[in-house]
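Okay, thanks for making time, everyone. Let me put the structure up, and then I'll talk you through it.

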Amino acid sequence: MDMKTKLAQLQVFSGYAPTQLDTANAPNTPQELFEQWLDQAIASRVTEPHVMTLSTVDHENTPDARAVVLLDVSTQGWHFAINMHSPKGQQIEHRAYGALTFYWPELSQQIRLRGPVIPMSAEASIADFSRRSERSRAAILAARQSEKLESPRDLETAIQGQLYRLNAEPDLISPHWVLFALAPTEVEFWQADIHRHFTRLRYRRDGQRWERCLLWP
């Protein structure tokens, strides 16, 4: 079977959201609707609903994307933390704009956000690093993200070395670990069904207010 045939036989948009998107009575802010959808995703046992795709651009304005974990949602935006020595850290430092995408196939729902990426306070970054498990902190301290790895043994040796450091210095903090918030200027909630009936609700920031409208599929 060739690739085209194999892909054509796969089912798409087969998930079902128990509560459909009521666009006429949607909340005033995307934060409120996101929390409603997240609660529904958790109740529906969606796999890792807090994992999202973070998209950025590099110095050549070439897009790049990877999965990161959502840590919080507030009036400041959608929070995530990264190592500034990583490619995504360097890309955000170069151009502090990004996009986030959530896709929950069990519910046939997608949420898209884009806007500036803003560093949170140093205290917030330290608090995020400190709350992590010892193994997680050691991995962050040992990280040389996206550099060539000669052997998996080298990674484990580096992590063990940082575990020894943390044992000697339990308050050790990575100076390169930064908590960010993507402060969206635009958020879209997208609901599909197996009949390919798509509902799209867009929030767009207008000063301190959010304007809502429906979009054609």
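This is a predicted model: local features need pLDDT of at least 70, side-chain atom pairs count only at pLDDT 80 or more; totals for chains, interfaces and linings use all residues.

Residues are numbered from 1 along each chain as its sequence is written, and side-chain values use heavy atoms, with hydrogens and water left out.

So, the overall picture. The chain has six helices and ten strands; those are DSSP runs numbered from the N terminus, helices being H or I with at least four residues and strands E with at least two. Its C-alpha trace spans about 55 × 55 × 40 Å along the principal axes. Of the 217 residues, 40% are buried, where buried means under 20% relative accessible area, exposed over 50%, and partly exposed in between, with a 1.4 Å probe and protein chains only.

Now the inside. In soluble globular proteins, nonpolar side chains tend to be buried together. Here the largest nonpolar core has 33 residues, and F34, F80, F102, W104, I111 and F189 have the most contacts inside it. By core I mean buried Ala, Val, Leu, Ile, Met, Phe, Trp, Tyr and Cys residues joined through side-chain atoms within 4.5 Å. Helix 2 gives the most to this core, five residues. Take I111: leaving out residues up to four places away in sequence, I111 touches F34, W37, L100, T101, F102, W104, V187, E188 and F189. A contact, by the way, is heavy atoms within 4.5 Å. There's also a second, separate core of 14 residues, including L141, I159, L172 and W177.

Back to helix 2 for a moment, where D39 is found. Is D39 buried or partly exposed? Partly exposed, with a relative accessible area of 45%. D39 and R66 are 27 residues apart in sequence, and their C-alphas are 24 Å apart in space.

Last stop, the largest pocket. About 260 Å³ of space lies in it, the volume being the space filled by probe spheres set on grid points, which are joined across faces, edges and corners. On a 1 Å grid over the protein atoms alone, a pocket is an open set of points where a 1.4 Å probe fits, with protein on both sides within 12 Å along at least five of seven lines, and lining residues have an atom within 4 Å of a point. Helix 6, residues 152-168, gives the most to the lining, with three residues. Among the lining residues are R144, E147, K148 and D154.
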